[in-house]
Amino acid sequence: MRYTHGHGTAVLVSHSQRSAADCAAYLLPHLQAGQDLLDVDCGPATITADLAQAVAPGRTVGLDPAPAALEAARATLAARTALPGRRPRPGSAVDGAAPAVELVAGDVASLPFEDGSFDVVHAHQVLQHVSDPVAALREMARVARPGGLVAARDTVYPAMAWFPQPVPLEEWRRVYTATARHNGGHPDAGARLLSWCREAGLTQVECSASTWCYATAPQRRQWGRTWAQRCLSSFGPQAVELGLTTPEGLQEMAEAWHAWAEAGDGWFAVVHGEVLARPA
């Protein structure tokens, strides 16, 4: 598997804006103090750190195969530990310090943990990048305890919608999804989560869907700029190598993203599928 986005600055900065509230709201009501939790492909660990607060004093592990992601995760966790005046949450340290998160290098295809090690195994926008998501779900279920939770949330690129609709943005979607598929990914992963869970042998599956919506000026700037940068420095060069577009085409996409970001009526919706599954 080749991670289509890469771990450049544009990607890591964008991922560091994420939180459990906007990425794992479907999971949060099911978390309890004292649970042990694994966050698969944790990236900069902003979501991981939030989940750790919810399950403290339980064990929280963030796993990622990329050294750059783990370095960003260490920076996130160090910054949170250093924040003054933290107020304790139920189950967390009395002094309000951020719960400890253990960082581990590893791959979802072969998780370096014994069977039944965790109460919750979580993956946000991971399975879309995995060549065999069914095998990945089986691994996640393997390290989950009986009666525990396997939680996954993923994007549905074909269902994304936006306005205004400049032609280069539709070309962006075509080029990105073709690049991701060449790399073994599944840009429609969110729509396939239930099917994959059933194929993996997970029969107790609860499905839901949620969206990100970018419509304010700060939201548009953040979303538009990160994708403009990714066109030029992330998936874009890969797409040129594959003959899916040209450097000139990438520049047109990047300019369209900047123009969309500055449009006063700009609006963008990202659709996600979500599953909560309980291993037998």
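This is a predicted model: local features need pLDDT of at least 70, side-chain atom pairs count only at pLDDT 80 or more; totals for chains, interfaces and linings use all residues.
**Stop 1: helix 3**

Helix 3 itself spans residues 46-55. How many of its ten residues are buried? Nine are, and the helix is mostly covered. To pick them out, select Thr46, Ile47, Thr48, Ala49, Asp50, Leu51, Ala52, Gln53 and Val55.

**Stop 2**

Step back to the loop between strand 1 and helix 3, where aspartate 41 sits. Check its backbone: phi is near 50°, a positive value in a residue that is not glycine. Most residues other than glycine have a negative phi. Alanine 45 is found in that loop between strand 1 and helix 3 as well. Alanine 45 also has a positive phi, of about 70°, without being a glycine.

Alanine 45 is buried, at 0%.

**Stop 3: two cis peptide bonds**

Move to proline 57, in the loop between helix 3 and strand 2. The peptide bond joining alanine 56 to proline 57 is cis, with omega about 5°. Most peptide bonds are trans.

Then jump to proline 164. Its place is the loop between strand 6 (161-163) and helix 6. Here a cis peptide bond joins phenylalanine 163 and proline 164, and omega is about -10°.

**Stop 4: serine 117**

Select serine 117, in the loop between strand 3 (102-105) and strand 4. Serine 117 is buried, with a relative accessible area of 15%. Which residues does it touch, leaving aside neighbours within four places in sequence? Its contacts are Asp36, Val143 and Arg145. Draw a distance from the C-alpha of serine 117 to that of valine 143. The two atoms are separated by 5.2 Å, though the residues are 26 apart along the chain.

**Stop 5: helix 8 against helix 10**

Show helix 8 (residues 217-233) and helix 10 (residues 247-262) together. Their axes come within 8 Å and cross at roughly 175°. That angle makes helix 8 roughly antiparallel to helix 10.

Colour the contact next. From helix 8, select Arg220, Arg221, Trp223, Gly224, Arg225, Trp227, Ala228, Cys231 and Leu232. From helix 10, select Leu250, Gln251, Met253, Ala254, Trp257, His258, Trp260, Ala261 and Glu262. What kinds of residue make this contact of helix 8 with helix 10? Eleven are nonpolar, three are polar and four are charged.

**Stop 6: the aromatic rings**

Display the aromatic side chains. A search of the whole structure finds 20 aromatic pairs. A pair of aromatic rings is described by the distance of the centres and the angle of the planes.

Start with tryptophan 172 and tryptophan 257. Their ring centres are 5.0 Å apart and their planes stand at 85°, so the pair is edge-to-face. Tryptophan 172 belongs to helix 6 (residues 167-182) and tryptophan 257 to helix 10, so the pair ties together parts 85 residues apart in sequence. Tryptophan 172 is buried, with a relative accessible area of 0%. Tryptophan 257 is buried too, at 0%.

An α-helix has 3.6 residues a turn, so residues three or four places apart point the same way. Tryptophan 257 and tryptophan 260 are three residues apart in helix 10, and therefore separated by about one helical turn. Tryptophan 260 is buried, with a relative accessible area of 2%.

**Stop 7**

Ring pairs link Tyr157, Trp162, Trp172, Tyr176, Trp212, Tyr214, Trp223, Trp227, Phe235, Trp257, Trp260 and Phe268 into a cluster.

Finish on tryptophan 227. What lies over its face? Arginine 230 does, at 4.7 Å from the ring centre.

Terms used: Residues are numbered from 1 along each chain as its sequence is written. Side-chain values use heavy atoms; hydrogens and water are left out. Axes are lines fitted to C-alpha atoms, for helices over the stretch in contact, and angles run from 0 to 180 degrees between N-to-C directions. Helices (H or I, at least four residues) and strands (E, at least two) are DSSP runs, numbered from the N terminus. Angles under 35 degrees count as roughly parallel, over 145 as roughly antiparallel, 65 to 115 as roughly perpendicular and the rest as oblique. Contact means heavy atoms within 4.5 Å. Ala, Val, Leu, Ile, Met, Phe, Trp, Tyr, Cys and Pro count as nonpolar, Asp, Glu, Lys and Arg as charged, and the others, Gly among them, as polar. Rings of Phe, Tyr and Trp (its six-membered ring) pair if their centres lie within 6.5 Å; planes under 30 degrees apart count as stacked, over 60 as edge-to-face and the rest as tilted. Buried means under 20% relative accessible area, exposed over 50%, partly exposed in between (1.4 Å probe, protein chains only). A charge sits over a ring if NZ of Lys or CZ of Arg is within 6 Å of the ring centre and within 35 degrees of the ring normal.
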